[in-house]
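Subject: Handover of the structure

Hello,

Here is the structure I said I would pass on. Please look it over first; my notes on it follow below.

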Amino acid sequence: MKKISILFIAIFHISCSKKITTELSDKMTELKSENGIPTNFKKLDQYIANKEIILLGEAAHGEGKTFEVKTQIVKYLVEEKGFNTIAMEGMDFLQMEFINGRSVLKNNLPDNFENEWYNFWNPWNPAKQLISFESFIKNSKISFAGIEPYENITAMINISFIKNELEKSKWAILNKKEWLKLAPIFEKINTNKSKLSIEEFDHITLQLENFIKENELIHFQDNFFTQMVENLITHVKMNFNPNTFSNEDEETAYYVNTRDHQMARNLIYFKERNPKAKIIVWLANFHGATNLSEVTYADGDPNMYSKLKVFGEHVKKKYSEKVYSIATTSSKGFSKMPYNLKGIEETKIISPKESLEFELDKQKYNFGFIDFNKINKNNPKKLEEKFNSIMLGHKNQNGKWLKVFDGLLFIKENEIAIPRE
């Protein structure tokens, strides 16, 4: 009798898991396509009405078909729905401020950056499937927001700039002794010739944080200089931190949390200065998640995601109902970043039998969309139901996914991102 009860419980558990994935599959709206790409997204209007920030994700950074579909969504949102800003993972905030017209930054960037800036957008710029995207954004009257802290290409130039501005400021004049202590640390960071000691690291990060906290910084056009310093603090924490971590997970959590917090701060900074901005954020599903702790991590500590607070969570907390986060997933195909380099491997996308993607694959259409919010509103209990999905990096993971994203874009069969010729 006991064995029968255990078997019944197991069957009941499987059927419940099956039920939610099947239900979601049945609720998916078809996005009809022409020449292998959907071009009409009017069915999304009811879900994105009154939204000012759309987080447009991708399961991994090597999905050519995803790039093509996301390009069409961007075009639709800009041309039909009044979105006027593209925010980009992989571009730092200062680079895009220059492209937006802050010409005073010209000497802080590589030569000819104005014409070559798209080539700095890694790992996306080499993708053949994004030629159309590049052409569209360069020829549209839109603004840009870089959400990364400093990339290596701009970090050194800007550290010198910040150092010089501080040196000329009243603070440095009034605090000569303190400045003499800070200046050589700046030089160490700028030349990258030697690591910071723990004392140097703690001193400069604390001092820079105090500058911001106590409003001691000089103002550089709408507090832009303050934002530069904020990103410098993040750059130092991510690249010059001499402290050791007890394990790899702790180190990963530190870097993810540090980076994603600053990414969100950069977007918020842009939005506060441009309150009428309607922003599309091009990023990974991982960064666009708004409740990552609801997913059980598959490759190590099951609670790993609960240690992380990613970009989407910060933005959602700040702007709430104005944000709509879209994850993208596929049930089959391949993924590979657009480089013919050693170490860049091709990944086969496999949807396990217990996953949502396995159920979505049974649908006859190739492209679809599911609005999680409507499902949650009609039946709040669904929020607590767990099921498996490969939305995050094509890894099969269990979670309360209806809490993690607002909507799901389904592309049945993906393809690798092809390098341009």
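Ala 327 stands opposite Leu 408 in β14. This is a predicted model, in which local features need pLDDT of at least 70 and side-chain atom pairs count only at pLDDT 80 or more, while totals for chains, interfaces and linings use all residues. Residues are numbered from 1 along each chain as its sequence is written, and side-chain values use heavy atoms, with hydrogens and water left out. Helices (H or I, at least four residues) and strands (E, at least two) are DSSP runs, numbered from the N terminus.

The strands β8 and β14 are parallel, with four bridges between them; two strands pair if DSSP finds at least two bridges between them. Strand β8 also pairs with β4, again in the parallel sense and over four bridges. There, Ile 53 has Val 323 of β8 as its bridge partner.

How many of the seven residues of strand β8 (residues 323-329) are buried? Seven of the seven are, so the strand is largely enclosed by the rest of the structure. Buried means under 20% relative accessible area, exposed over 50%, and partly exposed in between (1.4 Å probe, protein chains only). Both faces of β8 are covered, with Val 323, Ser 325, Ala 327 and Thr 329 on one side and Tyr 324, Ile 326 and Thr 328 on the other.

The sheet as a whole is open and has eight strands, in the order β1-β11-β14-β8-β4-β7-β5-β6, with mixed pairing. β1 (29-30) and β6 (143-148) stand at the edges with a single partner strand each, so one side of each is left without a neighbour in the sheet. Strand β11 (residues 367-371) and strand β14 (residues 407-411) are antiparallel and share five bridges. Phe 369 has Leu 409 in β14 as its bridge partner.

Helix α6 (residues 131-138) packs on the sheet, where it touches β5 (85-92), β6 and β7 (279-282), and its direction makes about 120° with that of β5. Helix α12 (residues 248-273) packs on the sheet too, touching β4 (53-56), β5, β6 and β7, with its direction at about 155° to that of β6. Contact means heavy atoms within 4.5 Å. Axes are lines fitted to C-alpha atoms, for helices over the stretch in contact, and angles run from 0 to 180 degrees between N-to-C directions.

In α6, the residues Phe 133, Glu 134, Phe 136 and Ile 137 are buried. They cover an arc of only 165° around the axis, which puts them on the same side of α6; the arc is that of the directions from the helix axis to the C-beta atoms. The buried residues of α6 pack against α3 (64-81), β5, β6 and β7.

Next, the aromatic residues. Rings of Phe, Tyr and Trp (its six-membered ring) pair if their centres lie within 6.5 Å; planes under 30 degrees apart count as stacked, over 60 as edge-to-face and the rest as tilted. By this rule the count comes to 21 aromatic pairs. In one of them, Trp 121 and Trp 124 have ring centres 4.9 Å apart and planes at 15°, so the pair is stacked. Trp 121 is buried at a relative accessible area of 0%, and Trp 124 is buried at 1%. One aromatic cluster is formed by Phe 67, Trp 117, Tyr 118, Trp 121, Trp 124, Phe 133, Phe 144 and Trp 282.

Charges over rings come up as well (NZ of Lys or CZ of Arg within 6 Å of the ring centre and within 35 degrees of the ring normal). Arg 102 lies over the face of Phe 224, at 4.1 Å from the ring centre. Lys 278 lies over the face of Phe 83, at 4.6 Å from the ring centre.

Two single residues remain. Gln 363, in the loop between α15 (356-360) and β11, is buried with a relative accessible area of 17%. Apart from its neighbours within four places in sequence, Gln 363 is in contact with Ser 25, Asp 26, Met 28 and Lys 412. Thr 21 belongs to helix α1 (residues 2-26) and is buried at 2% relative accessibility. Beyond its neighbours within four places in sequence, Thr 21 contacts Glu 354, Ser 355, Leu 356, Glu 359 and Phe 387.

Regards
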